[in-house]
Amino acid sequence: MKILTNKKFYKILDIHTKDAVKQMERYYENEILKKQTELLMLQNQINPHFLYNALECIRAEAVMNDNPKIADMTYTISNFFRYSISTKGDLVTLSDEINVIHNYMKIQQYRFRDRFSLKVNLPDTWANVKDSIIPKLTLQPIVENSIVHAFNDVIENALITIEIVHTKKHINIRVSDNGKGMDNNKLQQLKYSLDQEPVIYEPSKKKGNGLALWNVNRRLKLVFGDEYSLSIYSSPDLGTDVEIHIPYISINSDFTKKDD
Amino acid sequence: MISLNEELYRIQNISYKKENTLLLSNIDLYQYKGETVGLFGLHDSGKTLLSQIMCGELNPSGGYFFYEEKPVSHSEFSRHVFMIQEQTSLIGSLSVMENLFVLRKHRLNTIFVRKKAILIETINLMNELNLSINPNEKVCNLSKLEQCLIEMLKAYILGAKLVILDNIPITIFHDERFSNLIYKLKTRNVFFLITSCDIYQLQLFSDRIYILSDNHIVKWIYNERRNKIDISKLFNQPITYIESPSVFLVKFPSV
């Protein structure tokens, strides 16, 4: 048995209390962020089943009228919303995330008549790495940012490249665009905003620049730890690159079971 | 068999503040084993400062260090890094072998220098790495290139896994002995980060080139794609280089 002085006892108590509070804070912040992401996607509180059924009806009608293009488009949109709105866990596989990007780009290509193209460079070890976990909707907001901000003046040859590198214990994902990029001040501001304290999303306010990236960055830190975050590189006329560095954790590992 | 990339190191969110002035801001940089990385920046952009932080001469204000994909402390990280600068750190009045083997941290329980032993060790090392520099020659009598080669050898002996070549003159890069030693050390798991304000110099050896501007990294590019971009756009001013006619691209088989 160890006899502690009052001072030492309170010091130990203080350390444990701080740890417990920090853990609680992390838990609640993670929960709030999950809700924020859902909110962002749900937008006007659309009933998902109503949406899926409506889209399915349109698709059936299109098939019956021999209009494969509309059928395909409806199917893609339906898949995209099914993934985005689904509340089944916050962690998905990298393969799911890449699929949703293909879906999302397909929708954008329909909308903007092939103004943008997507190139995905998968590693040779893709078969081993595709079951790795990643917070849901990590890549889509980055790709959306490129489309909204990087290419708003670009009419042709707009290219988004996703490059995945698998190392022994980690996965590096780089999303690059060849858009207009940003100047040093804007880049510094964006990087600074990523490190700011949590903000509560207010749907009534206009979606601000960088909120989506802030959200992605914060969720990466909450899920994997403070040492994991987004890296952003950009220069005027030379495009923007967003890099994600995450640990390789299989969806079947204990880590995801804990999360459930 | 599919080979995995292995990350040699990664520095994340490194900042350096001096008297309330932010001299380096949120620097992220990484290097895979087998690759050579270039760090490009104009004068006073922070290249040497970053190199000094990486080799432990300066302490950063914040950030994370990873070595072989494990989080490590700054001091643990810097144990694997050796910096070579234009001004040699070797002692001019001592011989090559004395610089290599006497001036190193060791655990030998002796205060006497075993001259014959270190001479043999130096000769063996020179033979192993295909170098022909007289071990008994005083360092002050060597050329700049030879001094640089001896420093690279010293880094290898000290167990460095990352050698930073900070602003080394381009004339040294054009010498075959230098490129041969880089290649040989790479096969022995010693990798290089080259810093320079001359993009053409970095293109000689680098697989990827990071661009440092206004105290932060604004971009990294693959060397083979480098010529497709106009680098002057990064600095909002035309950058003029006097390109040496003897500039050539050295291509080695990947390690």
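Which residues does Ile164(B) touch, not counting residues up to four places away in sequence? Ile164(B) touches Ser51(B), Met54(B), Cys55(B), Val81(B), Met83(B), Ile84(B), Leu193(B) and Thr195(B), where a contact requires C-beta atoms, placed from the backbone, to lie within 7 Å. This is a predicted model, in which local features need pLDDT of at least 70 and side-chain atom pairs count only at pLDDT 80 or more, while totals for chains, interfaces and linings use all residues. Residues are numbered from 1 along each chain as its sequence is written, and chains are lettered from A and ligands numbered from 1 in the order in which they are written.

- Chain B has eight helices and ten strands, taken as DSSP runs numbered from the N terminus (helices H or I, at least four residues; strands E, at least two).
- Of the 255 residues of chain B, 42% count as buried, that is, with 20 or more other C-beta atoms within 10 Å of their own, C-beta atoms being placed from the backbone.

**Strand S8 of chain B**
- All six residues of strand S8 (residues 191–196) are buried, with Phe191(B), Leu193(B) and Thr195(B) on one side and Phe192(B), Ile194(B) and Ser196(B) on the other.
- Strand S3 (residues 37–41) runs parallel to S8(B) and is joined to it by four bridges (strands pair if DSSP finds at least two bridges between them), Val37(B) having Leu193(B) as its bridge partner.
- Strand S7 (residues 162–166) also runs parallel to S8(B), with five bridges, and Leu165(B) stands opposite Ile194(B).

**The side of chain B that touches chain A**
- In this interface, 21 residues of chain B are in contact with 20 residues of chain A.
- Strands S1 (7–18), S2 (21–32) and S10 (216–222) of chain B each supply at least two residues of this side, and S10(B) gives the most, with four residues.

Conventions:
Two residues are in contact if their C-beta atoms, placed from the backbone, lie within 7 Å. A residue is buried if 20 or more other C-beta atoms lie within 10 Å of its own, exposed if 12 or fewer, and partly exposed in between; C-beta atoms are placed from the backbone.
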